[in-house]
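Please keep the sequence and structure in view while reading.

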Amino acid sequence: MTATAPASRPGTVPVDLAGPQPVLDVVIPVYNEETDLEPCIRRLHAHLAEHVSYPYRITVADNASTDTTLQVAERLAREFPEVAVHHLDEKGRGRALNAVWQASDAAVLAYMDVDLSTDLAALGPLVAPLLSGHSDLAIGSRLARGARVVRGPKREFISRCYNLILRSTLAAKFSDAQCGFKAIRADVARELLPHVVDTGWFFDTELLVLAQRAGLRIHEVPVDWVDDPDSSVNILRTATEDLKGIARVTKATFTGEIPVSRLREQLGRQPIGVDAPGVPPRLVTQLVRFAAIGVSSTLAYLVLFLLLRTVVGAQPANFAALLVTAIGNTALNRRLTFGIRGRAGAGRHQFEGLIVFGLGLALTSGSLALLNGSTTPGLVLELVVLVLANLAATVLRFLLLRGWVFNPRRQATPKKEY
């Protein structure tokens, strides 16, 4: 009996470009856009016809328009076989995107605003990593390095503040949540969209936060973007709704209403899991290893200090105990915490480690001097002060070891032989 190969995780299998169904479905959500819709569709259709070699569709998602937007869309659909219309009786950009994306038979789902503020040249780079299986979502970013943006200072300020709020409250790692230029793998969307609640402008942010926490890869494309001065978006109302959305998502995460663990297990990309010589571990791993070495060093320091204190006094005992443990601490952190092996640079590392030791000595010795200058301490108080001073010195030591002594950019690069 032949064993069945395990199913691939959604989002990782390259898309078949030769199938009969559309590979790409670009959705244009609209509400009362009778003037801008036709030039948008004609320009987008011309771009796709020239630059895309696989089947595609343009779907106009009409959000309960009260003008002639729906009639314009239906006329364009009769003219172009690649244009479809999806009408909703209720308003809401998020509602429209959710409905059309879940109903689409395309492998990659995208959307862009009807004003086409984003240069269409970015559409290829946006979709390419999704077609290959490299990424799960892709977003256009006006804040990424290389983006070129033309807009007023008010919108620039609001956009940057909003993304700063997202980073500080939801730990967002993506740079631009609200640029109207995004794409997602359909197999991934089918798993995420049922958990996205917002039906308005916060839809984008909620989808991205959920994707990030589920361990998906989000690809960012720096875009050329020109602000539409006639935009009908109510900035104040949108900002208020976004803040409410942030509070709701934060609460849902803590209460378990959003099944992040299950989605991560189902969709998340696995860690690389490589332990290569010379490749420093991740920050969390470094902190755990540094803490373990720090505890051992502190215990060794206290034992040495207690043994020497009755013989040579507090200050010399502190100096000797710190010196011995600092040398061992540097050697262990060099190998175990920061993944550096071999003798190359070992002497420099120890020398710089002693400089770091000197700063720690200044903290502990200064603490002892202040303590003895203000009172006559007993052994217990002395030890308490030294432990606290060592904790402060430990934080400083980690920052200096990571950012200076063992910084990968400072490690010796092998010379080329000619």
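## Annotated spans

Residues 353–373 are 100% helix and 0% strand, and the end C-alpha atoms of this span lie 29 Å apart. Helices (H or I, at least four residues) and strands (E, at least two) are DSSP runs, numbered from the N terminus. Residues 314–332 are likewise 100% helix and 0% strand, with end C-alpha atoms 27 Å apart. UniProt, in an unreviewed entry, places the feature "transmembrane region" at residues 314–332, 353–373 and 379–400; such annotations may be inferred rather than shown by experiment, and their positions follow the numbering used here, with feature names shortened.

The model is predicted: local features need pLDDT of at least 70 and side-chain atom pairs pLDDT 80 or more, while totals for chains, interfaces and linings use all residues. Residues are numbered from 1 along each chain as its sequence is written, and side-chain values use heavy atoms, leaving out hydrogens and water.

## The sheet

Seven strands form an open sheet of mixed pairing, in the order β3-β2-β1-β4-β7-β5-β8; two strands pair if DSSP finds at least two bridges between them. Because β3 (83–88) and β8 (218–222) each have a single partner strand, one side of each is left without a neighbour in the sheet.

Strands β1 (residues 24–30) and β2 (residues 56–63) pair in the parallel sense over seven bridges. Val 30 stands opposite Asp 62 in β2.

## Arg 341

Arg 341 lies in the loop between α11 (314–337) and α12 (346–374). The C-alpha atoms of Arg 341 and Arg 309 are separated by 36 Å.
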